[in-house]
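Dear colleague,

Please find below the structure that I am handing over to you. My notes on it follow.

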Amino acid sequence: AQSVAQPEDQVNVAEGNPLTVKCTYSVSGNPYLFWYVQYPNRGLQFLLKYITGDNLVKGSYGFEAEFNKSQTSFHLKKPSALVSDSALYFCAVRPADRGSTLGRLYFGRGTQLTVWP
Amino acid sequence: EAQVTQNPRYLITVTGKKLTVTCSQNMNHEYMSWYRQDPGLGLRQIYYSMNVEVTDKGDVPEGYKVSRKEKRNFPLILESPSPNQTSLYFCASRDRGITEAFFGQGTRLTVV
């Protein structure tokens, strides 16, 4: 079964400090991995994705994510957090196999990031 | 502007009264999905469509119906809503290939 785990419901960090939001996954075959962000009363917005190649992926708003195949992880990172980064972050995985799950996205439960001044 | 539009944004209804939540996208995307978001459960897929007249069940399809008669529209139908369908609903679309999904603003549904 395909699954995505975000082990932390909440992450709190001071502005200017680095932040990490964790994500691990379990899928059959190679995965395509995504991060989305949700601001209050808004839909989800795409941040970045990993398809293949370089394990460090750069995305919007200064975010990046590191793919680690051996640990089946795709942690979201930012070197210096901003108060405006406070939001709900979702990791998602899309199996690359061509079976019945083709094209489907599986989401984690989300991690609430709070950056305080 | 590229967007996914859901209507209504907020809806309060009574148990058993049929309702439809509309979803429309203007990007000519082939793939469209419906999700529900519940606290502590994240997003769970309800239904999925790969193209016109092609739909498939997601993880939580019970109590919902969909149709895809046109490429741009993907309505979600609750024939007989129940209180456990109180949730925040999102429609999403994406293009072919390994592309990101675009999400609507969400519909907050309350069934009393």
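The notes below cover the interface and then the disulfides.

This is a predicted model, in which local features need pLDDT of at least 70, side-chain atom pairs count only at pLDDT 80 or more, and totals for chains, interfaces and linings use all residues. Residues are numbered from 1 along each chain as its sequence is written, chains are lettered from A in the order in which they are written, and side-chain values use heavy atoms, without hydrogens and water.

Between the two chains, 22 residues of chain A are in contact with 23 residues of chain B (contact means heavy atoms within 4.5 Å). The count of salt bridges between chain A and chain B is 2; a salt bridge is a side-chain nitrogen of Lys or Arg within 4 Å of a carboxyl oxygen of Asp or Glu. One of them joins Lys49(A) and Glu100(B), at 3.7 Å from N to O.

The structure holds 2 disulfides over all chains (a disulfide is a pair of cysteine sulfur atoms within 2.5 Å). In chain A, the sulfur atoms of Cys23(A) and Cys91(A) are 2.0 Å apart, and this link is left-handed, with -65° about the S-S bond. Both Cys23(A) and Cys91(A) are buried, where buried means under 20% relative accessible area, with a 1.4 Å probe and protein chains only.

In chain B, Cys23(B) is joined to Cys91(B), with 1.9 Å from S to S. The torsion about that S-S bond is about -70°, so the disulfide of Cys23(B) and Cys91(B) is left-handed. Cys23(B) counts as buried at 2% relative accessibility, and Cys91(B) counts as buried at 0%.

Yours sincerely

Technical notes: Buried < 20%, exposed > 50% of the residue type's maximum accessible area, 1.4 Å probe, protein only.
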